[in-house]
Amino acid sequence: MNRIVYMVIRHLFQAPIWFFHIDKMGKQKERYSLQERYDYIRKMVKKINVGGRVDVRGYGAENLPKEDGFILFPNHQGLFDMLAIIDTCPKPMSVVIKKEAENWVLVKQVLAALDGISMDRSDIKASLKVINQMSERVKLGGNFVIFPEGTRSRDENNILDFKAGTFKSAVNARCPIVPVALINSFKPFDISSIKKEQVQVHYLDPIYPEQYMGLKTKEIADIVHNRIQEKINSNLG
């Protein structure tokens, strides 16, 4: 929490300008491509991270599919996760977030600018509708990020079981699945300090439809989960 306050103070004069432009982009999407909107937000995020004394290091961006229409499946460690992913991912993407966060200041504007979707995790029918909506947009070439744990892990770099239902989006869209390993992403906002922290984002080899078709979503979830945990473990020694 100390770092969030520090970030706000460090960017107190820039924040209104960012807010104005992002809000404008979200309301006038016909004037700005998703790439333009994403690039503006990414530039902002990079400044926020540097100003907040967080060294975000990305690895494996070359593993991202060359063609658009894929889904990132990262582990979930906390509020900093999306800042780390946007900082390191050059390809524009939309995000699925929990419904409770959809009206937070700036989150609401960023969500609109990136064509994101909120999901009510307590409503199975509504969640399925979001999964189907995401699948249709990925079929049309959109990229998405969704956290398959459903909620953040409270056990630092040990991840929770993945919810099989989130992988229906990829199966229905027949798109590449990109496992993403976040390491120490909990530290910036969970530790009451503003000392410099390093966060790692690893984009692992994609899993293509021909590799997972025929598997149950639970089996796919376990494969992605295990690859991410293995990457985390290997980098932590």
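**Exercise 1.** Is the crossing of helix 3 and helix 4 left-handed or right-handed?

*Solution.* Start with the ground rules: the model is predicted, so local features need pLDDT of at least 70 and side-chain atom pairs pLDDT 80 or more, while totals for chains, interfaces and linings use all residues. Residues are numbered from 1 along each chain as its sequence is written, and side-chain values use heavy atoms, without hydrogens and water.

Step 1: helices are DSSP runs of H or I with at least four residues, and strands are E runs of at least two, numbered from the N terminus.

Step 2: helix 3 and helix 4 cross left-handed (the near helix is turned anticlockwise from the far one by less than a right angle).

Step 3: touching residues (heavy atoms within 4.5 Å) include Y38, I41 and R42 of helix 3 and L83, I85 and D87 of helix 4.

**Exercise 2.** Find the stacked aromatic pair formed by F73 and F167, and say where each residue sits.

*Solution.* Step 1: rings of Phe, Tyr and Trp (its six-membered ring) pair if their centres lie within 6.5 Å; planes under 30 degrees apart count as stacked, over 60 as edge-to-face and the rest as tilted.

Step 2: three such pairs occur in the structure. For F73 and F167, the centres are 4.3 Å apart and the planes 15 degrees, hence a stacked pair.

Step 3: F73 belongs to strand 2 (residues 71-74), and F167 to the loop between strand 5 (144-145) and helix 7 (168-173). The two are 94 residues apart, linking distant parts of the chain.
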